[in-house]
Amino acid sequence: MSEYNYNYHDDNFSLDEAERYNLLIQIDKATFSYAITDQDKLVACADMHPLDELTNPQELLDLLSAKYKQVVVGLPANGFTLVPKSLFSPDHVTDFARFLDVQSGEKVSAQSLDNSNTIIYKTDSAIINAAEEFGLRNSVFSSKGWITAIAKNNPADHDLYLNLNGSHVEIVTFKGGSLRFYNRFEFQNNDELTYFIALTANELGLQLADVHIYLNGDIDTGDKSISHLADFFGQVQLNQLQVVQVPAEILAHQILPLAALSLCASSEAV
């Protein structure tokens, strides 16, 4: 996997114009990334900032304290489950949360993932506390925007979309435009990554030679995992989907999950 990082500010970017911008924050276990968009254009982004910069900002004090048009904070999950909306009730979140084996120091959130599913997930309390600085009503499941962006792009039934983040991979696929499968796996090498993709394809009744894989996140063009996966699946390529205009120096596939939070600007926590 690549060891990418990014730090970009458009020449015309100014916090004096913050009220017309959207601030997007994606939190990981110990760090966070941010992006600022002006309508459908990326005007600033950076990654790998320490989590305590959210609660006690030093370097980013002016940026994080500005008054934005909207703020969206993507929260990571230690575990999650999907519940059909027809079965979900806010009054029964505690019952559903029993499937997650919630531990001390974790909090449970429930939000709409798409038109048919509610996602119930647990997150470290320290991360929830950091998100509270921006109002929990502005928080969403970290991959909601990514899943929404793919759904809007008319995915084929044999397409598998992967988001790579360190030793974790998220896999999502659709059928007839509706979410068919979403899960996350931990892997240590390319063989394990291939195994989980093949396992997913087999469970969905897909022939490996027919599967098209689209990759984004922690990966670059020359990554060995691309050629390795190409030995097993019909097509493997980087996901070139863009939800905002990005400059040439920023690789769109690397910031897609962050940029796609812009699609969640009006989402609210349950």
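These legends accompany several close-up views of a predicted model.

**View 1. The largest pocket and the residues around its centre.**
Let's begin with the largest pocket, which holds about 800 Å³ of space. Its lining counts 35 residues, and the closest to the pocket centre are Gln-26, Ile-27, Asp-28, Asn-165 and Gly-166. The elements that give two or more residues to this lining are β2 (21-27), β3 (31-38), β4 (41-50), β10 (159-165), β11 (168-175), β12 (178-186) and α8 (252-259). Which of the elements gives the most to the lining of the largest pocket? That is α8, with 4 residues. Sorted by class, the lining of the largest pocket has 16 nonpolar, 12 polar and 7 charged residues.

**View 2. Helix α8 and its surroundings.**
Here we stay with α8, the element that gives the most to the lining of the largest pocket. How many of the residues of α8 are buried? The count is 8 of the 8, so the helix is largely enclosed by the rest of the structure. Residue by residue, the buried set in α8 is Ala-252, His-253, Gln-254, Ile-255, Leu-256, Pro-257, Leu-258 and Ala-259.

Rolling a probe the size of a water molecule over the atoms shows where empty space is left. Across the whole structure, the search finds 1 cavity of 30 Å³ or more. The volume of the largest cavity is about 40 Å³. Around this cavity you will find Leu-241, Gln-242, Val-243, Val-244, Val-246, Ala-252, Ile-255, Leu-256 and Ala-259. By class, the cavity lining has 8 nonpolar residues, 1 polar and no charged. Ala-252, Ile-255, Leu-256 and Ala-259 are also among the buried residues of α8.

**View 3. The second largest pocket, with α5 and β12 in its lining.**
The second largest pocket comes next, with a volume of about 220 Å³. Its lining is made of Leu-113, Asp-114, Asn-115, Ser-116, Asn-117, Ile-147, Thr-148, Ala-151, Phe-174, Gly-177, Ser-178 and Leu-179. At least two residues of this lining come from each of α5 (144-151) and β12. The element that gives the most is α5, with 3 residues. The classes here are 5 nonpolar, 6 polar and 1 charged.

Thr-173 makes a handy landmark, standing opposite Phe-181 in β12. In this hairpin 2 residues lie between the strands, and Gly-176 takes a positive phi near 60 degrees.

**View 4. An open sheet of 3 strands.**
In what order do the 3 strands of this open sheet lie? The order is β6-β8-β7, and the pairing is antiparallel. β6 (79-84) and β7 (106-112) stand at the edges with a single partner strand each, so one side of each has no neighbour in the sheet. From one strand to the next, the twist averages 20 degrees. Between β6 and β8 (residues 117-124), which run antiparallel, there are 6 bridges. To find your place in this pair, look for Thr-81, which stands opposite Ile-120 in β8.

A disulfide is a covalent bond between the sulfur atoms of two cysteines. In this model the count of disulfides comes to 0.

Is Asp-220 buried, partly exposed or exposed? With a relative accessibility of 30%, Asp-220 counts as partly exposed. For a sense of scale, Asp-220 and Thr-118 are 102 residues apart along the chain, and their C-alpha atoms are separated by 32 Å.

Methods: Residues numbered from 1 in each chain as written. Predicted model: local features only at pLDDT ≥ 70, side-chain atom pairs only at ≥ 80, totals over all residues. Heavy atoms only, no water. 1 Å grid on protein atoms, 1.4 Å probe; cavity = no way out; pocket = protein on both sides within 12 Å on 5 of 7 lines; lining within 4 Å. Points joined across faces, edges and corners; volume = space filled by probe spheres on them. Nonpolar A, V, L, I, M, F, W, Y, C, P; charged D, E, K, R; others polar. Pairing = 2+ DSSP bridges. Axes fitted to C-alpha atoms, helices over the stretch in contact; angles between N-to-C directions. Disulfide = S-S within 2.5 Å. Buried < 20%, exposed > 50% of the residue type's maximum accessible area, 1.4 Å probe, protein only.
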